[in-house]
Amino acid sequence: MKIPLISRKGKLEIGNGLLIVGKRNTIVADFILDTGSPETIIPYEQAVRLQVDFKNLTKNEGMTRLIGGKFYSYNYSKIKFVFAQDNKEQHKEEFTKEFPVTILKPTSKKNKDKVESMDIPIIIGLDFLLEKNYTLYCDINKKETYLEKKI
Amino acid sequence: MTNIQLLTGSIANLRWFNESYPEIEQKFKGKFVAIKDEQILENSTSFDLLMEKLEKKGENSDELLIKRVSPMNEITIF
C-alpha cells in the first residue's frame, strides 16, 4: 500500500489529499511529512475546524516551541487520518490513547497572530512512521517519494 | 458527502492549487483561501475571518481545502 508524496517548496506534502475524521465531523486538510519532528501535530486552526473541546482536554506539562511560537500541547486520540492511496482507495489510521496526536494551541493572542501568518500545517512526525509501520521512500531527483506500508 | 467523494475532491483541489500557484499568488499573496471545485471560493487576511465569511455564506467549511498563499520566495522551515 503506497501513499504518494510530492515535493513542493522544499517540503514533502501528501500528494492525494487527506481527511481527518474527528468525533464531531470530518474535515479536508493537507499535511507535510517532517522526519525532524518527533511528534505528529495538529495545529490549532485545524483543531478548531474539528470542533475539539479544549475544556475537556488536559494540558501537557511545559511548553512547545515551533518556528518562534510558543504553544500549549494537548494529547488527543479521538480522530482518524484518511489517506488516498496511489490507486485512489482510502486508507485509515486511528489515533488511540496509547498513541495520541499532539494538538498545539498558541499560549496567547499575540502568539496566535504570529504563528497564524506562518500557516503551520498538519505535521506527520517520526512517531507516526514508527507506530504505524510506514517506510519512507524518498528520491527527490527522480521525483519518487511515497510512504509504504506492508499490509 | 462520503469520504471517497471528499478525498476525490481534495485531490483535485490540491492539484489545481499547486498547478495554479503562480496566478493564485499574484491575486491572494499572504491571504487564507478556501478552495472548492477547483476555484477560490473565499479569501481573507486571517483564518478566523475566513471562517466567519464562509459561515455567513452558508458554506460547510469542513469540506473545503483551506490554504494560506505564502509568497513564492517565502520559505518556512519547521
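User: Before we start, what does it take for two strands to pair?
Analyst: Two strands pair if DSSP finds at least two bridges between them. Keep in mind that this is a predicted model.

User: Good. Which residue is the bridge partner of B:Ile35 in strand 3 of chain B?
Analyst: B:Leu65 is the bridge partner of B:Ile35. B:Lys67, also in strand 3 of chain B, stands opposite B:Val33.

User: And how many bridges join strand 1 of chain B to strand 3 of chain B?
Analyst: Four, with strand 1 covering residues 32-36, and the two strands run antiparallel.

User: What's the strand order in that sheet of chain B?
Analyst: The order is 2-1-3, in an open sheet of three strands with antiparallel pairing. Strand 2 (39-44) and strand 3 (65-68) are the edge strands, each pairing on one side only. From one strand to the next, the twist averages 30 degrees.

User: Which helix packs on the sheet?
Analyst: Helix 1 of chain B, residues 3-19, which touches strand 1 and strand 3 of chain B. The direction of helix 1 makes about 25 degrees with that of strand 3 of chain B.

User: Back to strand 3 of chain B: are its faces covered or uncovered?
Analyst: Both faces are covered. B:Leu65 and B:Lys67 are buried on one side, and B:Ile66 and B:Arg68 are buried on the other. In a regular strand, side chains alternate between the two faces of the sheet.

User: Switching topic: how many residues does the contact take from chain A and from chain B?
Analyst: Chain A gives 24 residues and chain B gives 20 residues.

User: Which elements of chain A give two or more residues to the side that touches chain B?
Analyst: Strand 4 (26-29), helix 1 (44-49) and strand 9 (80-84) of chain A. Strand 4 of chain A has the largest share, three residues.

User: How do the residues on that side of chain A divide into nonpolar, polar and charged?
Analyst: Nine are nonpolar, seven polar and eight charged.

User: Now A:Asn25, where does that lie?
Analyst: In the loop between strand 3 (18-21) and strand 4 of chain A.

User: Why does A:Asn25 count as partly exposed?
Analyst: Because A:Asn25 has 14 C-beta neighbours inside 10 Å. A residue needs 20 or more to be buried and 12 or fewer to be exposed, so that count falls in between.

User: What is A:Asn25 in contact with, leaving aside its neighbours within four places in sequence?
Analyst: A:Leu50, A:Gln51 and B:Asp62. As for A:Arg49, 24 residues apart from A:Asn25 along the chain, the C-alpha atoms of the two are separated by 8.6 Å.

How values were computed: Residues numbered from 1 in each chain as written. Chains lettered and ligands numbered in written order. Predicted model: local features only at pLDDT ≥ 70, side-chain atom pairs only at ≥ 80, totals over all residues. Axes fitted to C-alpha atoms, helices over the stretch in contact; angles between N-to-C directions. Contact = placed C-beta atoms within 7 Å. Nonpolar A, V, L, I, M, F, W, Y, C, P; charged D, E, K, R; others polar.
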